[in-house]
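These are my notebook entries from one sitting with a single chain. I wrote down what I looked up, in the order in which I looked it up.

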Amino acid sequence: MTELVEHRRRYPVERVPESSLHAVFRASRRWTDTHGREANALHVGEPAFAMPPAAVEAMRRALLDGRCAYTSAEGMPELREALVAKLAAQGVGTTADHVFVTPGSCQGLSAVGAAVHTPGAAWLIPRVHWPIYRQQGVLNGYDVAGYPLGPGYALDVAAVARTATPATRVIVVNSPANPTGAVADPDALRELLALATERDWLVVSDEAYEDFVYEGGHPPLAALEADVEPARRRVFSAFTFSKGYAMTGCRVGYIVAPNDEFAGLLRRVQEGSIIAPPTPAQIGALAALGDGDAVRANVAAVRGSRDAAMGALVEAGLIAGPPAGGWYALLDIASSGHTATEFADRLLAEYGVAVAPAAAFTVPGDPSTRTVVRISFAGDRTRLLEGTEALLRACRTWGGERAAGRA
Ligand SMILES: Cc1ncc(COP(=O)(O)O)c(C=O)c1O
């Protein structure tokens, strides 16, 4: 018995942090089962809008026509060529042999981590981050460290430089960011690229929310490398059909590798782990790519929800201003007198509203998120407004109770 326990402890995967976000999912589901109606799931990043009808139709046809055979590990040539054109319009010069369609950008990001791993290497991620970066770093055998962010969760390149060590090999950048909603300043991205070049790091740029930038545009980070000769480029970019096209469950994303050398490494990982991305989903993605109107309508819907919900939250001092991008907002609920975990538990129990404590999105023991929770504003607008109203009421009522208790 003892022997078995000792044996099991030796699996490195046991170092992968468990996701406290999933605990919120389970609690929310329990609430729904107990009450016989849906909890208001503000913790989830699922959009209220559906995938483009052209993509649905293309997938339906693909299935009826039996187009279900494997493609190559990199994905369908037609889709990769269409992505090359899309990227060229964004200032990223690449070729189809550097573009990898992946089963969601999540798998693509993990594959990049596996492709460029070297023994003893460190994987540097934002201190407040999408938790999968941390899990992927550990799964791929890296030491994982978090770099501090500046005011408003901004990219602070001086802080990155201070946090890095000689072991740093890869830095992950995420703009627009989940969970912070921050959009990196192009000058900060330029500085970061200069630092990465000076220290010979690779850069993984997660641009899953590229369409959801509410002020100004989104120049992809790789566009800043346009003048660098391909052999010296260092940016891997990750994009997805999950967000702009609402194709979360179809599982289609793509990675752009910086040059032949890194594309060759990535190809080995993909051949050894996925065989190929799903064919009907790639056919749907190709059809979706022609539907710019769908993305514009989806962005307008999320922007509208953000604007409708944020006024009262800003006024109550829970957030400094509306998030500049993405689908999420971090709210400081300190006025409720509770920690984020107590608040989330009580809000679900008493109001049926689920929010995610920000501890799920940071490094262990980070005190800066003790009273911070994340909400998504991409879901149904009526439910969002009901949820944020309940959240504000809870802050006022529980904060008042605390104050009265102390008086
Ligand atoms: C920051 C970020 N990157 C990547 C993804 C992955 O998306 P997918 O694997 O569906 O492409 C998500 C999904 O929530 C995300 O929030």
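Which residues of H4 meet which residues of H10? I found that Glu78, Leu79, Ala82 and Lys86 in H4 meet Gln282, Ala285, Leu286 and Leu289 in H10, where two residues are in contact if their C-beta atoms, placed from the backbone, lie within 7 Å. By class I noted 5 nonpolar, 1 polar and 2 charged residues in this contact of H4 with H10; Ala, Val, Leu, Ile, Met, Phe, Trp, Tyr, Cys and Pro count as nonpolar, Asp, Glu, Lys and Arg as charged, and the others, Gly among them, as polar.

Before going further I wrote down the ground rules. The model is predicted, and local features need pLDDT of at least 70, side-chain atom pairs count only at pLDDT 80 or more, while totals for chains, interfaces and linings use all residues. Residues are numbered from 1 along each chain as its sequence is written. Helices (H or I, at least four residues) and strands (E, at least two) are DSSP runs, numbered from the N terminus.

**Entry: geometry of H4 and H10**

I looked up the axes of H4 (residues 77-89) and H10 (residues 279-289), which come within 10 Å and cross at roughly 30°; axes are lines fitted to C-alpha atoms, for helices over the stretch in contact, and angles run from 0 to 180 degrees between N-to-C directions. The angle makes H4 roughly parallel to H10, given that angles under 35 degrees count as roughly parallel, over 145 as roughly antiparallel, 65 to 115 as roughly perpendicular and the rest as oblique. I recorded the crossing of H4 and H10 as left-handed, a term used if the near helix is turned anticlockwise from the far one by less than a right angle, with right-handed used if clockwise.

**Entry: H5 and its partners**

I then turned to H5 and H9 (residues 260-273), whose axes come within 9 Å and cross at roughly 115°, and H5 passes H9 in a right-handed crossing. From H5 the contact takes Ala111, Val112, Ala114 and Ala115, and from H9 it takes Phe262, Leu265, Leu266, Val269, Gln270 and Ser273. Sorted by class, the contact of H5 with H9 has 8 nonpolar, 2 polar and no charged residues.

For H5 and H6 (residues 132-139) I read axes that come within 9 Å and cross at roughly 35°, again in a right-handed crossing. Here Cys106, Leu109, Ser110 and Gly113 of H5 meet Ile132, Gln136, Gly137 and Leu139 of H6, and the classes are 4 nonpolar, 4 polar and no charged.

**Entry: the ligand**

I asked which residues come nearest to the ligand. Of the 13 residues around the ligand, these are Gly104, Ser105, Cys106, Thr240 and Ser242, where a residue is near a molecule or strand if its C-beta atom, placed from the backbone, lies within 6 Å of it. H5 (residues 104-115) gives the largest share of this shell, 3 residues, and the shell divides into 3 nonpolar, 9 polar and 1 charged.

**Entry: backbone exceptions**

Most residues other than glycine have a negative phi, and most peptide bonds are trans. I noted a cis peptide bond joining Ser175 and Pro176, with omega about -10°, and another cis bond from Asn178 to Pro179, with omega near 10°. Pro176 is in the loop between E5 (168-174) and H8 (186-199), and Pro179 also lies in the loop between E5 and H8. Tyr153 has a positive phi, near 60°, and is found in the loop between E4 (143-147) and H7 (157-163).

**Entry: domains**

Last, I took domain 1 (2-50 + 293-401) and domain 2 (65-291) from the domain assignment, whose bounds come from an automatic or database source. Their C-alpha centres lie 25 Å apart, and the contact takes 35 residues from domain 1 and 29 residues from domain 2.
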